[in-house]
Structure formats: C-alpha cells, structure tokens
Amino acid sequence: MDYKETLLLPQTDFPMRGNLPQNEPARYAKWFSNEESAYAKMIQNRENAPTTFILHDGPPYANGHIHIGHALNKILKDVIIKTHYFFGEKVRYVPGWDCHGLPIEQQVEKNLGKEKKDALPKSKIRELCREHARKFIDIQREEFKSLGVIADWDNPYMTMKFKFEADIYRALCGVADRGLLVERSKPVYWSWAARSALAEAEVEYEDKEDYSIFVAFALSPEAKDKLEINTDASVIIWTTTPWTLPANVGISFSPDENYVLTSDGYIVAEPLHGKLLEQGVVTGEIIKTFKASVLENSFAINPLNGRKSQLILGDHVTMDGGSGCVHTAPGHGDDDYKVGLRYGLEVVMPVDERGCYDETVVRLGLLPDAQSFVGEHIFKCNERILELLGDRLLKCSKFTHSYPFCWRTHQPVIYRATKQWFVAMDEAMGGRESLRKMAMDELEKVRFYPKSGINRLGSMIENRPDWCISRQRDWGVPIAFFRDKTTGKPIFDAKVVTHIAAIFEEKGADAWWDLEIEDLLVENSGYKPENLEKVMDILDVWFDSGSTWKAVLQSSDYDAGTYPATMYLEGSDQHRGWFQSSLLVSTANNGIAPYSKILTHGFTVDEKGEKMSKSKGNVVAPADVAKQYGVEILRLWVGTSEYTTDLKISDNILKQISEQYRKIRNT
C-alpha cells in the first residue's frame with residue numbers, strides 16, 4: 001500500500017517550479033494585450049477611489065538599449081504604483097522619453113560622416129535624428145515591458161512630438177514673460193569637442209594632469225611710486241592654465257590680507273610667504289608689509305605681451321594655495337568675470353568654438369609671433385607659452401586635480417565667454433521674489449525620501465549660477481524668438497510667440513528652420529520681416545525634460561493625473577538634473593514645485609562596490625538575467641535591496657536571490 005494515498009493533503013495546481021524564463025513572456029504578453037490590459041483594469045477598478053497617486057516619469061534618453069540602472073528605476077516605480085493601487089488609490093503612470101540632444105545628433109553624424117552632415121539642410125538632419133529616437137523608443141518600450149512594468153505604454157510621452165515641442169516652447173515663453181530670460185555675454189562651461197555651451201548638469205568631474213606655474217608680472221612705474229619703492233618689483237601670480245595668460249587683464253588681491261615685498265623683489269600674500277619660500281618660488285625675506293588697497297587700480301605688465309594688467313581687489317581670493325595674487329581673465333572664469341564687472345575690465349576672448357586660438361591673438365597682439373598660434377588648440381600651446389615666459393616663469397611643475405569634463409564627449413571643458421541665454425536666478429520681477437528664493441521656499445514643502453535629499457538639492461539651488469539654457473546644435477527645441485536687427489533686442493511679444501507655438505503644434509519645431517520669417521509672423525504683428533532675424537540656438541535638453549509637467553500633467557493629450565504630481569522618483573544624480581530643472585521651470589512659470597514628494601535611489605555597482613563597465617567585464621544586462629533566472633528574480637533583488645544607497649548586483653548575488661525566491665515559493 002502507498003501510504004501517501006491515505007493522507008488527506010491539500011490539492012493545488014500551483015507548481016513547485018516557477019520556470020520563470022519560459023513562463024514570464026506569455027504572462028506579460030497577456031498583461032499588455034488590448035483585450036486584457038492590466039493598466040486599463042487598474043484604472044477601471046479604482047475609478048471611484050477618493051485618492052489619486054500620480055507618479056510622473058523621468059524620461060530616459062532614447063538612445064541605446066536599457067541597462068541595469070534603467071531596470072532598477074522602472075521596477076521601483078512599478079512596485080510603488082502597484083503598492084498604491086493595493087492601498088485602494090487611483091494610480092496614474094505615463095512613461096516617457098527624452099528625445100532631443102547631442103548623443104543622437106552625434107550618432108547621426110557618425111552614420112553620415114561629418115562632411116555629408118554639414119551639407120544637409122537642418123530639417124533633414126532633424127528628420128534623421130527623429131528616426132533614430134523613434135527606433136530606440138520602440139526598442140526600449142519592449143525591453144521595459146519585458147520587465148513586467150505596468151504603465152500606459154500605448155500613449156507614452158515623447159519630447160519630440162509636435163505638441164510637446166510647442167509646450168516646451170510655451171514654458172520658455174512663460175520664463176521670458178516673467179522677465180527671467182536674459183541674454184548676455186558671460187563665461188560659461190564650453191565643450192570644444194561638442195562645440196557648444198554646457199549647463200552645470202552636463203559637467204562631470206574627473207582627474208586631470210595640469211601645469212602649476214608661478215609667473216612674475218613686473219610693476220609699472222606708477223605702481224612702484226604707490227608702493228614708495230625705486231627698485232624693480234614683480235607680482236607673482238599662480239595658475240594651472242598657461243593658455244589663459246594671453247587673455248589676462250588683471251591681478252586680484254585679497255582686500256583683507258596683508259601683502260609683502262621680499263628682498264628679491266617679489267610681491268606675495270603674507271600668509272603664503274613661508275610656503276613659497278619652502279617651494280623655492282621666492283628666496284628673499286620680507287622687507288615691506290602693506291595692504292593691497294595701496295596698489296588698487298595701478299598696473300603690472302604681462303610678460304607674454306607687454307599689455308597692462310590692472311591690480312584689483314576681489315573677495316574670491318583665498319589663502320589656501322598659490323601666491324594670493326590671482327591671474328584674472330574675465331573671458332575664462334566666473335569669478336574673474338564678476339570682479340571684472342566691478343572694475344570695468346575688458347573681456348578678452350581669443351579662443352574659438354573648437355578650443356583653438358583665433359585671429360584675436362593677432363589683432364590684440366596677445367602673443368609673440370601671434371599668427372603661428374592661430375588655429376592651434378589651446379591645450380597644445382601650453383608648452384610654447386611656458387617657453388615664451390622665459391625667466392619670468394619662476395617655477396613650473398605638474399599635478400593632478402579634479403577638473404570639469406563634458407559628460408557627453410568625455411573631454412575636458414573650458415570656460416569661454418560667449419553670448420548665451422540664461423534663466424536668471426536672482427532677478428526680482430513683477431513684484432515676485434527671485435527664482436532662487438521661490439525655489440528654496442518651495443523645497444521646504446516637498447517630502448524627501450531619504451530626508452537628506454533636501455540638503456543636497458537645496459544646496460545646489462542655493463549656490464548655482466544663472467542657468468545657461470542655450471546650445472549651438474541642430475537637434476532640439478529652438479529658442480524661437482525674433483531679434484530686431486536695428487536694436488539687437490529679442491522680441492517677446494505675446495501675440496508673436498503665441499502664433500509661433502501654434503505653428504510648432506501643427507508642423508513641429510522644424511518649422512523654425514523650414515519657414516521664412518514672414519511665414520512665421522502672425523498677421524498684423526506690427527513688425528516688418530526684413531527688420532528681423534531668427535535666434536538659431538536650441539534649448540538645453542534639461543529644459544525639455546524640466547517642462548514635462550506642463551506638456552504631460554497639464555495636457556489633455558495624456559491621462560497622466562493632475563499637476564503637481566504626487567512623486568518624482570529617479571537616481572540621486574537627478575538632484576543636479578531633472579529634479580532641479582523641473583523645479584526651476586515650474587517655479588518660474590507658476591510659483592510652485594511640480595512635485596509633492598521626491599524619492600531617490602542609488603546606482604548599481606558590482607559585488608565589490610565598483611562601477612560597472614564593459615572593460616571590467618562586470619556588466620549585468622537585464623535581458624541576460626531574464627533569460628537565465630527570470631525577471632521575477634530581478635524584481636526580488638530590487639525589492640530586497642536598500643534602494644537609498646548603491647545597489648550591488650552580480651551573478652553570485654542573483655544566485656542567492658534565486659534561492660530566496662525558491663524558499664518563498666515552496667514554503
């Protein structure tokens with residue numbers, strides 16, 4: 001007798017083995033079918049619920065396949081949406097994609113070749129970029145669905161849709177209408193590799209080896225008279241960028257510290273004299289102590305070109321290194337620019353968009369044999385400039401420090417003064433407080449997970465400069481304003497920009513390139529087309545994604561819920577990116593934050609805590625996990641991990657998670 005037959009056991013058709021890689025695709029296909037759409041059922045089942053949870057999707061970039069970081073982000077969102085659904089709430093989750101920007105344009109250029117791209121009309125280049133984005137949206141949508149992520153996949157938002165481009169432009173017009181959009185010539189981060197200005201969020205810091213040089217600028221006779229000396233003396237400046245010395249127009253001193261003249265004829269800050277003795281930059285003892293105000297508005301002489309360098313006072317001068325006498329070139333630095341405004345210093349800019357010296361070095365006589373420098377990349381000219389300094393170069397060494405790099409091209413950036421468009425952070429217009437103050441006040445009303453998020457985002461808003469939103473590229477939403485040729489001023493006339501937005505909604509932003517000015521002007525505008533020209537810059541893609549609250553939550557085109565959203569959920573890097581740009585665009589337009597809550601998660605790393613890279617061979621691809629273990633194992637990894645810190649994943653970790661899954665399933 002088989003005693004098993006005599007036992008009264010519960011009967012179940014629930015199998016012990018999940019066979020996830022085989023069974024999940026069919027299950028997910030059912031969830032996303034038109035007949036049994038899981039998202040549609042969730043909407044229908046909570047139709048009369050009193051509470052709504054709105055998760056507004058931060059758009060991934062429509063380029064390439066999804067990686068494990070994308071999987072983490074989308075699964076977290078899916079878990080939270082389903083949790084609120086089971087709380088009995090209405091839920092809304094419309095996924096979206098960021099479609100404009102440099103990587104897609106570069107990919108199109110790579111496919112075409114630069115010469116062919118340059119020969120094509122802008123509208124054709126934009127059409128190819130649109131096709132590229134559309135291709136990867138379709139790819140990524142299926143990859144996200146294969147993770148079991150339930151969302152409104154039938155009607156996602158895309159920043160390249162015509163209506164969407166029109167709404168991004170309307171958000172820009174709202175900023176302009178409130179007096180916060182300004183155009184000015186100012187030094188900004190410049191990617192010579194991408195030939196475009198960059199915003200703070202597009203800059204990453206990496207280690208870079210640079211020169212550390214001390215250079216002697218001889219005092220003019222007038223300066224020596226002020227110091228009451230009749231022997232030669234020189235101010236010692238310190239810099240890590242020899243290539244900026246041709247553009248020097250000043251030397252900044254601290255207004256608070258004492259300065260000294262040494263017996264070997266050099267002027268440095270008193271607190272740094274001892275250190276400079278140790279380094280061998282100076283050898284003499286102190287023979288005179290004085291305040292820098294004595295030398296204010298007198299001059300030293302630039303040893304490269306014999307041009308005058310004005311001696312000025314600046315609060316940015318610190319005593320933590322160098323000589324306490326700061327080389328000042330307003331075209332190449334933010335602090336230099338600000339102090340230069342106070343003293344009316346000339347903004348000399350001898351560097352072109354490629355990072356090469358231009359004809360300015362010849363016209364202004366900034367270098368000996370200046371013509372030989374024209375067209376040469378600035379980084380390749382450092383050694384020649386050091387040679388030209390001769391005995392005025394007191395000490396030269398190399399060191400490694402943290403330096404800004406372009407996050408797209410991974411090349412070091414420079415500061416370069418160009419005419420750009422900015423969202424002003426500190427302008428108080430129309431009876432309202434400054435954008436900085438309004439944004440800081442709004443953050444106090446937002447709930448952060450983890451709580452420390454407010455400190456990070458708050459400090460960034462508090463300390464950020466004006467937001468540079470213009471780019472010199474083709475694939476993006478144009479800063480579509482006319483400029484009066486006579487006055488040079490942009491036209492923000494409401495009826496003009498409203499008409500342009502309507503054209504964009506019908507024809508897309510390509511119309512800015514395709515149509516003549518007379519075809520873009522509203523009837524009876526009062527402006528003559530022949531007196532106008534187009535602004536041809538495009539918007540920073542962070543402005544695009546920062547406008548999604550308007551184009552999605554305030555649009556009837558999506559069943560996305562209401563504005564502001566309940567939650568924005570992204571990686572911790574978005575404190576400097578999407579969280580910040582969304583806050584600024586929303587607050588500039590409407591005076592409120594676009595979200596009630598912010599949740600941030602960490603990055604994915606390998607089991608040793610190291611960043612993943614193909615070269616290290618430690619990359620974990622979501623598709624590979626699904627094939628080997630099943631998506632449910634990936635989802636369980638997300639659910640059991642501490643999401644606020646970096647999340648470790650590897651084959652060993654997935655095996656452990658798989659074993660946990662078996663125990664949960666069978667006990």
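**Aromatic contacts, cavities and a pocket in a predicted model**

Tyr 563 is buried, its relative accessible area being 17%, which falls under the 20% limit for that class. The model that holds this residue is predicted. Tyr 563 is paired with Trp 549: the centres of the two rings are 5.0 Å apart and the planes meet at 25 degrees, so the pair counts as stacked, the limit for stacking being under 30 degrees. Trp 549 is likewise classed as buried, with a relative accessible area of 1%. Trp 549 belongs to helix 19 (residues 548–553), whereas Tyr 563 is placed in the loop between helix 19 and strand 25 (565–571); the pair therefore ties together parts that are 14 residues apart in sequence.

This pair is one of 24 aromatic pairs found in a search of the whole structure. Elsewhere, one aromatic cluster is formed by Tyr 169, Trp 421, Phe 481, Phe 492 and Phe 504. Aromatic rings also take part in contacts with charged groups. The charged end of Lys 74 sits over the ring of Phe 144, at 4.5 Å from the ring centre. In a further case, the ring of Tyr 403 has the charged end of Lys 208 over it, at 4.9 Å from its centre.

The protein chain has 667 residues, of which 55% count as buried. Its secondary structure comprises 23 helices and 28 strands. Taken along the principal axes, the C-alpha atoms fill a box of roughly 120 × 75 × 50 Å.

The largest cavity has a volume of about 140 Å³, and 16 residues line it. Gly 101, Leu 102, Glu 202, Arg 471 and Arg 473 are the lining residues that lie nearest the centre of this cavity. Helix 4 (102–112), strand 6 (196–197) and strand 24 (538–539) are the elements that give two or more residues to the lining. Of these, helix 4 supplies the largest share, 3 residues. By class, the lining of the largest cavity consists of 9 nonpolar, 2 polar and 5 charged residues.

The second largest cavity holds about 40 Å³ of space. Lys 208 and Tyr 403, the two partners in the charge-over-ring contact, both belong to its lining. The lining of the second largest cavity divides into 4 nonpolar, 3 polar and 2 charged residues.

Among the open sites, the second largest pocket contains about 1,000 Å³ of space. Its lining is made up of 33 residues, and Trp 238, Thr 240, Thr 241, Val 326 and Asp 336 lie nearest its centre. Two or more lining residues are given by each of strand 7 (203–219), strand 8, strand 15 (325–328), helix 10 (334–343), strand 16 (393–406) and strand 17 (414–423). The largest share of this lining, 4 residues, comes from strand 16. In terms of class, 13 residues of the pocket lining are nonpolar, 15 are polar and 5 are charged.

Thr 244 is located in the loop between strand 8 and strand 9 (250–253). This residue is buried, with a relative accessible area of 4%, and its side chain makes a polar contact of 2.8 Å with the side chain of His 327.

Asn 230 occupies the loop between helix 8 (221–227) and strand 8 (234–239). At 74% relative accessibility, Asn 230 counts as exposed, because the limit for that class is over 50%.

Lys 135 is part of helix 6 (residues 122–145). With a relative accessible area of 49%, Lys 135 is partly exposed. Between the C-alpha atoms of Lys 135 and Thr 487, which are 352 residues apart along the chain, the separation is 44 Å.

Notes: Residues numbered from 1 in each chain as written. Predicted model: local features only at pLDDT ≥ 70, side-chain atom pairs only at ≥ 80, totals over all residues. Heavy atoms only, no water. Buried < 20%, exposed > 50% of the residue type's maximum accessible area, 1.4 Å probe, protein only. 1 Å grid on protein atoms, 1.4 Å probe; cavity = no way out; pocket = protein on both sides within 12 Å on 5 of 7 lines; lining within 4 Å. Points joined across faces, edges and corners; volume = space filled by probe spheres on them. Nonpolar A, V, L, I, M, F, W, Y, C, P; charged D, E, K, R; others polar. Phe/Tyr/Trp six-rings, centres within 6.5 Å; stacked < 30°, edge-to-face > 60°. Lys NZ or Arg CZ within 6 Å of the ring centre and 35° of its normal. Polar contact = N/O pair within 3.5 Å; in protein donor to acceptor, adjacent residues only side chain to side chain.
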